[in-house]
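Biologist: I would like to learn how to read a protein model feature by feature. Could we go through one together?

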Amino acid sequence: MKLTLKIFKWIGKILAGLIILIFISGLCFRLFSSKPVPPGELVDVNGTKLHIRAEGQKNDLPTLVLEAGAGNDTDVFHWITEGLKKNMRVVRYDREGKWFSESTKDSITSVFYANQLHQLLEKSGEKPPYILVGHSMGGPYNQIFRDLYPSEVEGMVFLDSSHPEQWKRLGVNGLIEDNQITEMKIFATLADMGIMGVYNKIMNPKSMSENLPEDCQNRKMNLMLYSGDVYRRTLKENNINDDILLRASKTSSLDSLPVLVFTAKEQYGDAQIWFEMQKEIKELSSKGNQFYIDANHGSIITKKENAEKVNKEILLMAETIRK
């Protein structure tokens with residue numbers, strides 16, 4: 001009996017020591033790791049600094065404005081930007097609170113982000129006409145922008161875009177499942193404590209963005225490890241997701257606006273239902289065209305050869321609009 005108690009005491013001391021060591025290591029990571037540096041500029045919009053990256057010369061082609069999905073940053077559009085910036089002006093940014101952009105203190109409405117983007121473009125010296133490019137949830141965000149500022153938008157591109165009725169028709173609860181919400185709150189706390197950073201140093205996990213250049217992979221990983229803000233912002237976007245989709249659904253027609261819809265062949269859910277929703281997005285315009293790409297939801301833009309196919313059609317659209 002005494003031997004058993006001694007063993008338990010030693011196990012307890014070892015576990016306590018490990019926990020203390022983990023906490024100290026996390027603290028050291030927080031104290032001595034440098035904050036990731038944004039690759040673009042921070043522009044103040046009503047007291048909130050937003051991260052924007054504008055590349056390529058302004059010319060007679062419309063300016064391309066790239067809108068990322070719910071969990072992504074500006075680097076997800078690396079190959080899109082690299083392939084088009086030599087021909088036209090390309091702008092990408094982080095919505096408030098995401099990645100390198102500050103969180104706003106304003107109340108969030110379904111049209112907030114469209115209005116904020118409009119102000120950001122004006123403050124940055126960008127001028128219409130625009131071609132809006134949206135990946136995943138970026139599609140509905142762009143639908144709202146076009147609904148509010150129709151005279152400034154001359155074309156739209158939907159990259160495996162979300163559909164206003166997708167959760168209902170796919171039989172999914174929403175952007176993030178309940179068990180994932182709990183996990184993300186835990187990850188946010190661990191990142192704030194520096195423990196996520198220590199884990200990365202020891203385990204060197206594989207990047208989720210392996211199709212992107214190493215600097216893009218490292219930038220994303222470092223920001224996710226530096227603090228829990230990235231996780232909290234994703235949870236915030238989950239809370240407003242239904243409002244955004246509902247507002248986007250009010251865009252029942254894009255009239256004769258030039259529209260490109262790119263659909264990934266590999267899907268996690270029911271591929272047939274997803275293809276039908278993608279077709280409906282194309283049919284919002286009498287000038288809609290749909291393309292199927294042998295890719296999944298992410299690699300449709302993060303894989304260079306897929307981005308090249310997208311870029312070819314975007315450039316053709318831009319040149320046709322110019323004529």
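Modeller: Gladly. Keep in mind that this is a predicted model. Let us begin with a cluster of aromatic rings: F112, Y113 and Y141 are linked by ring pairs.

Biologist: How is a ring pair described, and how are the rings of F112 and Y113 placed?

Modeller: A pair of aromatic rings is characterised by the distance between the centres and the angle between the planes. For F112 and Y113, the ring centres lie 5.3 Å apart and the planes stand at 90°, so this pair is edge-to-face. Planes over 60 degrees apart fall into that class. Both F112 and Y113 are buried.

Biologist: How many aromatic pairs does a search of the whole structure find?

Modeller: Six aromatic pairs turn up. One of them is formed by F187 and Y231, with 6.0 Å from centre to centre and 50° between the planes, which is a tilted arrangement. This pair connects distant parts of the chain: F187 sits in helix α6 (residues 178–192) and Y231 in helix α9 (residues 229–249), 44 residues apart.

Biologist: Are F187 and Y231 buried or exposed?

Modeller: The cut-off for buried is under 20% relative accessible area. Y231 has 7%, so Y231 is buried. F187 has 34%, so F187 is partly exposed.

Biologist: Now the sheet, please. In what order do the eight strands lie?

Modeller: In general, the strands of a sheet pair through backbone hydrogen bonds, in a parallel or antiparallel way. Here the sheet is open, with mixed pairing, and the order is β1-β2-β4-β3-β5-β6-β7-β8. The edges are β1 (41–45) and β8 (288–293); each has a single partner strand, so one side of each lacks a neighbour in the sheet. From one strand to the next, the twist averages 25°.

Biologist: How do β2 and β4 run relative to each other?

Modeller: Strands β2 (residues 48–55) and β4 (residues 90–93) are antiparallel and joined by four bridges. For a landmark, find I52, which stands opposite Y93 in β4.

Biologist: Which strands does helix α3 lie across?

Modeller: Helix α3 (residues 112–123) lies across β1, β2, β3 (63–67), β4 and β5 (130–135), and runs at about 115° to β1. Helix α4 (residues 138–148) also packs on the sheet, where α4 touches β3, β5 and β6 (153–159). The direction of α4 makes about 150° with that of β5.

Biologist: Which residues have the most contacts inside the largest nonpolar core?

Modeller: They are L120, F145 and M156, in a core of 35 residues. Helix α3 contributes the most to this core, with six residues. Leaving out residues up to four places away in sequence, L120 touches V43, V45, L50, I52 and Y93. There is also a second, separate core of 30 residues, and V76, M88, V157 and L315 are among them.

Biologist: To finish, which totals describe the protein?

Modeller: The protein has twelve helices and eight strands. Of its 323 residues, 49% count as buried. The accessible surface is about 16500 Å², and carbon and sulfur atoms account for 54% of that.

Notes
Residues numbered from 1 in each chain as written. Predicted model: local features only at pLDDT ≥ 70, side-chain atom pairs only at ≥ 80, totals over all residues. Heavy atoms only, no water. Pairing = 2+ DSSP bridges. Helix = DSSP H or I, 4+ residues; strand = E, 2+ residues; numbered from the N terminus. Axes fitted to C-alpha atoms, helices over the stretch in contact; angles between N-to-C directions. Contact = heavy atoms within 4.5 Å. Buried < 20%, exposed > 50% of the residue type's maximum accessible area, 1.4 Å probe, protein only. Areas by Shrake-Rupley, 256 points an atom, 1.4 Å probe, with all protein chains shown as cover. Core = buried A, V, L, I, M, F, W, Y, C linked by side-chain atoms within 4.5 Å. Phe/Tyr/Trp six-rings, centres within 6.5 Å; stacked < 30°, edge-to-face > 60°.
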